Protein chains: 2
Amino acid sequence: MARPKVGDERREQILAAFEACVVRKGLAEVTLADVAEEAAQPRSLVRYFIGNRDEMVTCLIDRLLLRGDAQLSAVLGAGSVVSAAEVAPLLFDRIFADHVTNVVMMELWHLSIRDEALRERLAAIYRRLVVEVSDKLALDGSAADSAPAFDAAFTAISLAFGTAFFAHLGLVPNDFGRIRTNVNSIVRDYRSPRSTSPAEEAS
Amino acid sequence: MARPKVGDERREQILAAFEACVVRKGLAEVTLADVAEEAAQPRSLVRYFIGNRDEMVTCLIDRLLLRGDAQLSAVLGAGSVVSAAEVAPLLFDRIFADHVTNVVMMELWHLSIRDEALRERLAAIYRRLVVEVSDKLALDGSAADSAPAFDAAFTAISLAFGTAFFAHLGLVPNDFGRIRTNVNSIVRDYRSPRSTSPAEEAS
DNA sequence: CCCAATCTTGTCACGGCAGACAAAATACCT
DNA sequence: AGGTATTTTGTCTGCCGTGACAAGATTGGG
């Protein structure tokens, strides 16, 4: 070696620029020139350090998914034991709260429509969220059958997800508190759901 | 006029081809040549009857939103009075059941991230769904304050939406019945939510 | 000092797509 | 038949993004 390798920092810098461009313009619209400009570097350097566009996209996806996973670990680990009452704040104030993250996830989501592998990876992240929440829920009681706890967590997360998406349209409830109350009920009472008539059960 | 105008049929044919391409490849990837091939017509005709690409996209969006609105009318109107117990089937078996429609909506959703006007129009559709469901719910009891009914409908629809999206990832609950039961509870008991501790209320 | 690895610059060619347009063909009307 | 509005064909051009590459600059080791 003759010259210090700055490749890693450059790559990081370029990917950060790429990500910023993607948030601003959407993945499909971002060109190498855009990234280069955002990174304040000649276009050729982007190609030299990252490679072709596909590789750049792959790198970005890896980066995003890794960070998503890390955020999940940070939120779920670190002694923040989740009791039923803490699920709503967890979902609404942390996981689905950040606008930029949501936009990025939407971008990934859109990609995943036609990308089997990415779909798997996205599913893995959300599944992990469901499993970890449901595990904590099951701690409260006897966990003979974990399926109901899983489904309760799944339901709560689906609800939070849908709510977050609608929020992006500017479509919001009159009172977010009511949604949170529903989440509380879902994760608290999954072992003894309110009785429903047979007709409703069959629906 | 000297020659019979076949413009309307052609436009319809072209837009149908365009839509098929979009479902298959995603809007960003579809070229005029793709549409022309799908429509089995020379590329120039696409330009002649529709115009430039932007206009074609605009036409497609109009077409999709109009159809979405029509489907909503068909499902909600026509004597299918929605009682609380019918909300779950309505959402899961009709509104969010069709895979192709879901893919198209995802495409629109993605576009709407950077298109204010489209975002408004999408919001209008979902808002209408919420309002109509909540109206039917409110019929059951005294409708002094419609906000709780709106929020209950909003919650149920958010949940169904989230569930449908997760289904696209292959992420499903162990038992869909549990989700439906939750929806039933949400739309049935919104006037008397299960009591929550003050701590939970504050969450 | 010289070499070698790494980084940096600038430029070029290819391909694909959108847009424009000139004719030719068709069908209806009088 | 002739005129006219409409449809259809085929081709051409310019733009833009990617990928490729040659040549120079920088930095540390021998």
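## Contact between the two chains

Contact here means heavy atoms within 4.5 Å, and by that criterion 62 residues of chain A are in contact with 62 residues of chain B in this predicted model. Chain A and chain B bury about 5400 Å² between them, with 63% of that area on carbon and sulfur atoms. The size of an interface is often given in this way, as the accessible area lost when the parts come together.

Polar and charged pairs also occur across this interface, where 16 residue pairs are found in polar contact, both residues being at pLDDT 80 or more, and where the count of salt bridges between chain A and chain B is 4. On the side of chain A that touches chain B, at least two residues each are supplied by α1 (7-25), α5 (84-95), α6 (99-112), α7 (116-140), α8 (147-169), α9 (176-188) and α10 (198-202) of chain A. The largest share of that side, 16 residues, comes from α8(A).

## Symmetry of the pair

Chain A is superposed on chain B by a rotation of 180° with 0.0 Å of shift along its axis, and the RMSD of this superposition is 0.1 Å. The two copies are thus related as by a two-fold rotation axis. Of the interface residues of chain A, 100% are also interface residues in chain B, so the copies meet through the same surface.

## Residues at the interface

One of the salt bridges is formed by Glu107(A) and Arg114(B), whose closest N and O atoms are 3.2 Å apart. Glu107(A) counts as buried at 6% relative accessibility, whereas Arg114(B) is partly exposed, with a relative accessible area of 31%.

Arg119(B), which lies in helix α7 (residues 116-140) of chain B, has neighbours in both chains: leaving aside residues up to four places away in sequence, Arg119(B) touches His168(A) and Leu169(A) as well as Ser112(B), Ile113(B) and Arg114(B). Within chain B, the side chain of Arg119(B) reaches the backbone oxygen of Ile113(B) at 3.1 Å.

## Helix α8 of chain B

Helix α8 (residues 147-168) of chain B has 22 residues and reaches 32 Å from its first C-alpha to its last, which is close to the 32 Å expected at 1.5 Å a residue. Because 21 of the 22 residues of α8(B) are buried, this helix is largely enclosed by the rest of the structure. After α8(B) comes Gly170(B), whose phi is positive, near 85°.

Helix α4 (residues 53-76) of chain A has 24 residues and spans 34 Å from its first C-alpha to its last, close to the 34 Å expected at 1.5 Å a residue. At the start of α4(A), a side-chain oxygen of Asn52(A) reaches to within 3.2 Å of the backbone nitrogen of Asp54(A). The buried residues of α4(A) include Met56(A), Val57(A), Leu60(A), Ile61(A), Arg63(A), Leu64(A) and Gly68(A). An α-helix has 3.6 residues a turn, so residues three or four places apart point the same way.

Gly7(A) has its place in helix α1 of chain A and counts as buried, at 10% relative accessibility. Although Gly7(A) and Tyr48(A) are 41 residues apart in sequence, their C-alpha atoms are 9.5 Å apart in space.

## Salt bridges within the chains

Over all chains, a search of the whole structure finds 28 salt bridges. One of them joins Arg24(A) to Glu38(A), with the closest N and O atoms 2.5 Å apart. Arg24(A) lies in helix α1 of chain A and Glu38(A) in helix α2 (residues 32-38) of chain A, so the pair ties together parts that are 14 residues apart in sequence. Both partners are partly exposed, Arg24(A) with a relative accessible area of 48% and Glu38(A) at 37% relative accessibility.

In chain B, Arg128(B) forms a salt bridge with Asp69(B), and the closest N and O atoms are 3.3 Å apart. Since Arg128(B) lies in helix α7 of chain B and Asp69(B) in helix α4 (residues 53-76) of chain B, the pair ties together parts that are 59 residues apart in sequence. Arg128(B) counts as partly exposed at 21% relative accessibility, and Asp69(B) is likewise partly exposed, with a relative accessible area of 33%. Elsewhere, in chain A, salt bridges that share partners join Glu12(A), Glu19(A), Arg63(A) and Arg67(A) into one network, and of these residues Arg63(A) is among those buried in α4(A).

Notes:
Residues are numbered from 1 along each chain as its sequence is written. Chains are lettered from A and ligands numbered from 1 in the order in which they are written. This is a predicted model: local features need pLDDT of at least 70, side-chain atom pairs count only at pLDDT 80 or more; totals for chains, interfaces and linings use all residues. Side-chain values use heavy atoms; hydrogens and water are left out. Copies are superposed by least squares on the C-alpha atoms of residues with pLDDT of at least 70 in both. Helices (H or I, at least four residues) and strands (E, at least two) are DSSP runs, numbered from the N terminus. The expected span of a helix is 1.5 Å times one less than its number of residues. Buried means under 20% relative accessible area, exposed over 50%, partly exposed in between (1.4 Å probe, protein chains only). Buried area is the accessible area (1.4 Å probe) that two parts lose on being put together, summed over both. A salt bridge is a side-chain nitrogen of Lys or Arg within 4 Å of a carboxyl oxygen of Asp or Glu. A polar contact is a pair of N or O atoms within 3.5 Å; within protein, one must be able to donate a hydrogen and the other to accept it, and residues adjacent in sequence count only if both atoms are side-chain atoms.
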